[in-house]
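Please read them with the coordinates open.

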Amino acid sequence: LSLALYAGSLCAASGAAFLYHDYCVIGAGPSGLQVAYFLQQAGRDYIVFERSHAPGSFFALYPRHRKLISINKQYTGKSNSEFNLRHDWNSLLSHDHRLLFRYYSRDFFPNADAMVHYLEDFASLMKLQVQYNTAIIHVTLERDEQAWNGHYFLLTDQDRQNYKCSSLLVATGTWVPNVVNFPGSEYVEGYETVSINPEDFAGQTVLILGRGNSAFETAENILGVTNFIHMVSRSRVRLSWATHYVGDLRAINNGLLDTYQLKSLDGLLEGDLEDLAIVKDKKGKLHITLRFYLENRNTSAGIDSITLPQDELDNFATRAPYDRVIRCLGWKFDFSIYNRSLRLIPGKGNKKKYPQIKPSYESRGTRGLFILGTASHSVDFRKSAGGFIHGFRYTTRAVHRLLENRYHGVPWPSTVYSITQLTNSIIKRVNEASGLYQMFSVLADIILLRENATAFEYLEEYPVGVLAELETQTGRKAPNGLFVVIMEYGRNFSGADKDVFYYNRAVGEAQHAWQSNFLHPVIYYYEHLPTEREMKLRPPDWPLPRPDAIHHIVEDFLTDWTAPNAHILPLRRFLENCLSTDLRNFFAESCFFFAFTHQKLPPFCQQGYVRMQGLVGSEGLRRHAVEAGLLEDYTPRDFSGDKTPDSHEGSQDQLLRDHTIQVRPLQHLVNAKDE
């Protein structure tokens, strides 16, 4: 007995031991692997817990009919890898070009098995620290003033092994099926278990509960073999091409809309599912009624004793009995494993399936707890792509940069440029940046101006929801004003009830750019960093508070914002007006001329020509500039018809080659003016 008790105490002691890591990641799906990649690249101490034997276990089962709705565009006509990610919705971010999804499938809408294979290779080739077959069943807090956040996160797995970490990154996604309970709901089959063999539905009448892509995917699979299909949901259908939200109904799944509107027996109905009731008759047929008809009734007495809607309204829409009822209501976040001490609570309204988080993706209730991937979609639900790989790969990178600054003192990556490069920097980013393009209205480039606007610091893809906290979150200072570069759709262009194909839907002229409807760049200028109060009081549907100045770059049919007159010139003039400076580039002769005729030289001349920088002039370049109307033609002419003497040509070439002849007098002149 003593030996047994001693052995038991040893087991208990070993079970209570905590394995420590700085970062614990729950879930080895796409977002879990993505954050693991960034942590590994930064050399951080982390571990990823995955309940299955391989990464991406969700995709091993879903979507049930195996066709993904994330596009896999093989060709864009461009070799720019950053630009091509705008049309690659499946790849994770990495330095290894072998890990582009295009090498795993050539299908425009790939098979989900390809995603499983891709995620396995990503974890393997990147040598990520993933602990498989580990299901975290409980998470709680341990207060400790020495911890990063004033507490540690304590995790317990299915084998009662305990883990401790300073920061918790939850990447489990939303995988718990949404279930609506009503009388007769026990007769309903779930999307997660229903047969995917169309022959099992041959000659049957089917009712589908739900109106998302899983519902229409299920209908599409059996459309050709059923008697008819009805679909019921509390809201109207939301078409992704009208809402510009990729989570709404995609065209690849909307065959039922055709058969409904072209009167081929199928149909869509609106109604609150909680008001429904299902009654099964002796033949196994399922009859739809309303809950209030069953109040104070004995349903076990048989269908004959129950009043059905068609008894009072003989043309009731769902009066025909159904052979099967299928629930396709999507998924929600699993809150069950989190102790109350974490204060991780559901959102409100249509966001209740997600946990409440800040725009920084940190839990509103617990510091150091971040939600990644699909579960973080409450930040941009039905607005942008944060719930999907092509969106959350960028928001995950943003979270990692926030962590690096907060816990390791590594500021947000930035690049400092001369102010003369401002226009070029913006044009380059809006034409190729994939993060701005995919996470429109959510992530933005921030341009921090240096003193006297002689230079600027460029930060890429920062969450605009925490713009007021920029200095704290990034470790960068913004004392001299800033520009915010973001992508937006037109204010009134997106919506379930919008006709996005109306005549004259596009704007083509720069003076009407503010009326652009399609996705286009918008530049906000602030003389001071917006405050928390200004962020809270911003106009409805505005990603940012009212700026001191704003500029829309006119929408472009090719999403190519490089037209000199329509795109670049209006942008440059806007920037010049905000900064009260001249951002043009000049030839050396013009800078030399300005030195004698202007009190202040343009920045390009100050930072280039005066410092002996810039292109070396040549007669060919000069002649090209004259022919283009950029320079006056000062070449001496011989009206007698003779050529200019060779000695003059030689002295002119010497002038173009010799920097000291041009620069020294000018440098002396500028210094004299400054004094």
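1. The count of salt bridges comes to 21, a salt bridge being a side-chain nitrogen of Lys or Arg within 4 Å of a carboxyl oxygen of Asp or Glu. Side chains of opposite charge can pair when their charged atoms come close. The model is predicted: local features need pLDDT of at least 70, side-chain atom pairs count only at pLDDT 80 or more, and totals for chains, interfaces and linings use all residues. Residues are numbered from 1 along each chain as its sequence is written, and side-chain values use heavy atoms, with hydrogens and water left out.

2. One of the salt bridges joins Glu-270 and Arg-211, with the closest N and O atoms 2.5 Å apart. Glu-270 lies in strand 11 (residues 267–270) and Arg-211 in the loop between strand 9 (205–209) and helix 6 (213–222), so the pair ties together parts that are 59 residues apart in sequence. Helices (H or I, at least four residues) and strands (E, at least two) are DSSP runs, numbered from the N terminus. Arg-211 has 9% relative accessibility and therefore counts as buried; the classes are buried under 20% relative accessible area, exposed over 50%, and partly exposed in between (1.4 Å probe, protein chains only).

3. Glu-432 counts as buried because its relative accessibility is 17%.

4. Which residue forms a salt bridge with Arg-429? The partner is Glu-460, at 3.3 Å from N to O. This pair links distant parts of the chain, with Glu-460 in strand 19 (residues 455–463) and Arg-429 in helix 12, 31 residues apart. Arg-429 is buried at 8% relative accessibility, whereas Glu-460 is partly exposed at 33%. Both belong to a network of salt bridges that links Arg-397, Arg-429, Asp-445, Glu-460 and Glu-461.

5. Asn-431 is also in helix 12 (residues 422–432), and its relative accessibility of 13% makes it buried. A polar atom of the Asn-431 side chain lies 2.6 Å from the backbone nitrogen of Trp-561. Not counting residues up to four places away in sequence, Asn-431 touches Phe-83, Arg-86, Thr-559, Asp-560, Trp-561 and Thr-562, where contact means heavy atoms within 4.5 Å.

6. Is Ser-91 buried or exposed? Ser-91 is buried, with a relative accessible area of 0%. It is placed in the loop between helix 4 (81–84) and helix 5 (112–125). The Ser-91 side chain reaches the backbone nitrogen of Phe-101 at 2.6 Å. Apart from neighbours within four places in sequence, Ser-91 is in contact with Leu-85, Leu-99, Leu-100, Phe-101, Tyr-118, Ile-389 and Arg-393.

7. Glu-274 sits in the loop between strand 11 and strand 12 (276–280) and is partly exposed, at 48% relative accessible area. From C-alpha to C-alpha, Glu-274 and Asn-181 are 6.9 Å apart in space, while 93 residues separate them in sequence. With neighbours within four places set aside, the contacts of Glu-274 are Val-180, Phe-182 and Arg-291.

8. For the chain as a whole, there are 21 helices and 22 strands. Of its 675 residues, 51% count as buried. Among contacts in the chain with a separation of 6 or more, 66% are between residues 24 or more positions apart.

9. The lining of the largest cavity includes Tyr-191, Glu-192, Arg-327 and Trp-331.

10. The second largest pocket holds about 1,300 Å³ of space. Its lining has 45 residues, of which Val-379, Lys-383, Ser-441, Arg-538 and Trp-542 lie nearest its centre. Helix 15 (residues 532–536) gives the largest share of that lining, three residues.

Notes
1 Å grid on protein atoms, 1.4 Å probe; cavity = no way out; pocket = protein on both sides within 12 Å on 5 of 7 lines; lining within 4 Å. Polar contact = N/O pair within 3.5 Å; in protein donor to acceptor, adjacent residues only side chain to side chain. Points joined across faces, edges and corners; volume = space filled by probe spheres on them.
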